[in-house]
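These are my notebook entries on a single protein chain.

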Amino acid sequence: MIVDPSDMQFCYNPQLMEKLATDFMRVVSTDVPFFAVKDELLFLMNERDISKFRIPGHKTIDGLDHVFYFEVSINEDYPRPKLYKYLYQRIERREEK
């Protein structure tokens with residue numbers, strides 16, 4: 001899968017990108033580095049028109065669901081690319097139906 005950076009991208013702020021990568025690797029039980037999955041996560045958020053992604057408990061170190069939140073911004077004069085700025089992550093429980 002190739003993500004077209006003219007359509008969407010993570011807001012390039014070195015501190016935020018480092019925090020996102022650190023938070024991701026701290027909670028996700030994987031040997032795959034964040035940079036190897038970040039484009040796929042960005043693509044899925046864009047395709048589903050959502051500003052967060054969830055890592056289910058069966059894939060985390062602590063067994064809990066972790067949700068990563070982003071602020072999405074679009075410049076009205078130049079709508080491409082859509083920017084995803086990392087805000088924070090937190091533990092959330094799924095609502096039982």
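The entries below follow that order.

Entry 1, strand pairing. I noted at the outset that the model is predicted. I looked up the partners of strand β3, residues 66-73, and found that strand β2, residues 52-55, pairs with it in the antiparallel sense over four bridges. In this pairing I located K52 opposite Y69 of β3. I then turned to strand β4, residues 82-91, which is joined to β3 by eight bridges and also runs antiparallel to it. Here I found F68 standing opposite Q89 of β4.

Is E92 buried or exposed? I recorded a relative accessible area of 14% for E92; it is therefore classed as buried, the cut-off being under 20%. I next examined its side chain and found a polar contact with the side chain of R90, at 2.9 Å. Setting aside neighbours within four places in sequence, I listed R54, D65, V67 and Y69 as the residues in contact with E92.

I looked up the largest nonpolar core and counted 16 residues in it. Those with the most contacts inside this core are F10, L20, F24, M45, F53, F68 and F70. I traced the elements that give two or more residues to it: α1 (14-27), α2 (34-48), β2, β3 and β4. Finally, I inspected L20, which touches F10, F34, F68, F70 and Y86 when residues up to four places away in sequence are not counted.

Conventions:
Residues are numbered from 1 along each chain as its sequence is written. This is a predicted model: local features need pLDDT of at least 70, side-chain atom pairs count only at pLDDT 80 or more; totals for chains, interfaces and linings use all residues. Side-chain values use heavy atoms; hydrogens and water are left out. Two strands pair if DSSP finds at least two bridges between them. Buried means under 20% relative accessible area, exposed over 50%, partly exposed in between (1.4 Å probe, protein chains only). A polar contact is a pair of N or O atoms within 3.5 Å; within protein, one must be able to donate a hydrogen and the other to accept it, and residues adjacent in sequence count only if both atoms are side-chain atoms. Contact means heavy atoms within 4.5 Å. A nonpolar core is a set of buried Ala, Val, Leu, Ile, Met, Phe, Trp, Tyr and Cys residues joined through side-chain atoms within 4.5 Å.
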